[in-house]
Amino acid sequence: MPQTTHCKRLTMKEEDYLEAILNVSREKGYAKTRDVADELELSPPSVVEMFAKLDRKKLVVYRKYEGVTLTDTGRTIAEQIKYRHDVLVGFLRLIAVPEDIATKDACFMEHELNAETIQKIKQFVEYVDVSKSAQIELKRFIESCK
C-alpha cells in the first residue's frame, strides 16, 4: 500500500482509535463502543469521547448507542496505519522479537517512522522471504543472539 501523508495531522491516540475501529469492523462487520474499548483496553466513556472527536473531524460517523463507522477518509488513514503496523510486526518477528513485544513496539513505531523507512523495511522483509542466502544469514544472526 503506498504511503501518503494525511492532510489532517492526527495524534497517536487518534490513529490508534482509527486502527482499532478498522480491526473491529473487519472482524465483526461493525464497531460498537464496547468492542473498541476492549480492543484498546480502555473504558467505554473514554471511547465515546474520542468517537465524538473523530466524528467532528469527519473521520468517523458516530451514532450514540449504535457505534461508529469509518468515513472514506477515516478508512484510508486507518488502512495506512494498519499497513504500517503489519509491516513492522512482520519485521520484528523476522528478527525473533517475541510476538507480544513485537505487537506493542509496532504500535509505537507505526506513528513515528517515515513512510520511506516503512517501505524499505517491507522490501527487506520481502527480500529475506525469497532469498535463501539471506534466510541462512538471518538464522545465523538469530542463533548468535541466544
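Let me begin with H1: its 17 residues, at 1.5 Å a residue, should span 24 Å, and its end C-alpha atoms are 24 Å apart, which agrees. The expected span is 1.5 Å times one less than the number of residues. Helices are DSSP runs of H or I with at least four residues, strands are runs of E with at least two, and both are numbered from the N terminus.

This is a predicted model, in which local features need pLDDT of at least 70 and side-chain atom pairs count only at pLDDT 80 or more, while totals for chains, interfaces and linings use all residues. Residues are numbered from 1 along each chain as its sequence is written, and side-chain values use heavy atoms, with hydrogens and water left out.

Just after H1, Gly29 takes a positive phi of about 90 degrees.

I turn now to the largest pocket, with a volume of about 350 Å³. A pocket here is an open set of points on a 1 Å grid, where a 1.4 Å probe fits, with protein on both sides within 12 Å along at least five of seven lines; lining residues have an atom within 4 Å of a point. The volume is the space filled by probe spheres set on the points, joined across faces, edges and corners. H1 gives the most to this lining, with four residues.

Finally, His85 of helix H4 is one of the lining residues. His85 is buried, at 9% relative accessible area.

Terms used. Buried means under 20% relative accessible area, exposed over 50%, partly exposed in between (1.4 Å probe, protein chains only).
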